[in-house]
Amino acid sequence: MLSAAHDILSHQGSPGNQSHAVLLADILPTLVIKLLAPLGLHLLPYSPRVLISGVCSAGSFILVAFSGSVGISLCGVVLASISSGLGEVTFLSLTAIYPRAVISWWSSGTGGAGLLGALSYLGLTQAGLSPQNTLLSMLGIPALLLASYFLLLTTPESQDPGGGDEAETATRQPLLSSEAPESRPDSSWNLSFQEKWTVFKGLLCYIIPLVLVYFAEYFINQGLFELLFFRNTSLTHAQQYRWYQMLYQAGVFISRSSLRCCRIRFTWALALLQCLNMAVLLADIWLSFLPSIYLVFGVILYEGLLGGAAYVNTFHNIALETSDKHREFAMAAACISDTLGISLSGLLALPLHDFLCRLS
């Protein structure tokens, strides 16, 4: 949807700096939702949240597809951001009351979403569909989201990891016809403000490394990708940029799916390695010491691997090390990390990108 927004903005004759507006419209609503989530989002039950997320997702496709102005296009991007932010907070919280293995599955799904989302838009437009028709063809995705939640997802009681044979023989009921998970009396949202603050302070050892990982990651993606241009290759500038994006998304998908193979306790190491990636690529823009684009391809694939590994291991560690009483709140509170890192990187990466462009 974001790729289509850029295309439609360009067809509307929008100036180039509107890409900054698209980025802000994409990230700021998500940031606001995640900042407010630990304070009062629990007052809205899970099912209405999922419904709102699906409706906003569909609305974003429709608005951008039929947009006649920059303002309407940006409103569509805002709706997509609301859907993404609300959905992530909701489903990460919901993992707390299911078996812990769902964190790995959730992470793998979100990693695949980045890769398949970009590929689907690229493939459909390359096949001859206009950006408008491509967006309208995607309206089945929000419908599938709602159907999978209300009709496929079963109640947490029937998937109790400690239930043994009883869980195997339990009649699994979809959430649409069962007691909603938010009605549980032991929900971790039933905490005092002091308890929430204590839990949040304990999460900082996970939140800060993930913020740093995403800061360095999106500093590279937003500020440096377009400047990493090699002339000694058959690839055009645009093709090089698309390869960077594809390799990054592939790395994220692989590492977000790797929890069963590799678990990392000290996510600080991933933050330091990602910051080193950022420093190497920034230095190359200044000094041009990397002789081949294939070395940059390797660094960017590695960047994606670090980012995905940091995400899945952070939430897995939180699930393991927080109590049942606090886990639901902790998962929702910690999901601010990636959005905060992306927002901070945007504040620095975009002005630096413009500065480096003026120097070149």
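Residues are numbered from 1 along each chain as its sequence is written, and side-chain values use heavy atoms, with hydrogens and water left out. Because the model is predicted, local features need pLDDT of at least 70 and side-chain atom pairs count only at pLDDT 80 or more, whereas totals for chains, interfaces and linings use all residues.

The largest nonpolar core comprises 44 residues. A nonpolar core is here a set of buried Ala, Val, Leu, Ile, Met, Phe, Trp, Tyr and Cys residues joined through side-chain atoms within 4.5 Å; buried denotes under 20% relative accessible area, exposed over 50%, and partly exposed the range in between (1.4 Å probe, protein chains only). Within this core, the members that touch the most others are Val89, Leu92, Leu94, Tyr149, Leu203, Phe315 and Ile318. Helix α9 (residues 193–224) provides the largest share, eight residues; helices (H or I, at least four residues) and strands (E, at least two) are DSSP runs numbered from the N terminus. At least three residues of the core come from each of domain 1 (1–153) and domain 2 (190–359), the bounds being taken from an automatic or database domain assignment. A further core of 21 residues lies apart from the largest one and includes Phe225, Leu228, Leu290 and Val296.

Five salt bridges are present in the structure, each defined as a side-chain nitrogen of Lys or Arg within 4 Å of a carboxyl oxygen of Asp or Glu. One of them pairs Asp338 with Lys34, with 3.0 Å between the closest N and O atoms. The two residues belong to distant parts of the chain, 304 residues apart: Asp338 in helix α14 (residues 336–359) and Lys34 in helix α2 (residues 18–40). Both Asp338 and Lys34 are buried.

A salt bridge also joins Lys325 to Glu195, the closest N and O atoms again being 3.0 Å apart. Since Lys325 is located in helix α13 (residues 324–334) and Glu195 in helix α9, this pair ties together parts separated by 130 residues in sequence. Lys325 is partly exposed, at 41% relative accessibility, as is Glu195, at 27%.

Glu321 and Arg265 form another salt bridge, at 3.1 Å from N to O. Here helix α12 (residues 293–321), which holds Glu321, is linked to the loop between α10 (237–256) and α11 (267–287), which holds Arg265, across 56 residues. Glu321 is partly exposed, with a relative accessible area of 42%, and Arg265 is likewise partly exposed, at 43% relative accessibility.
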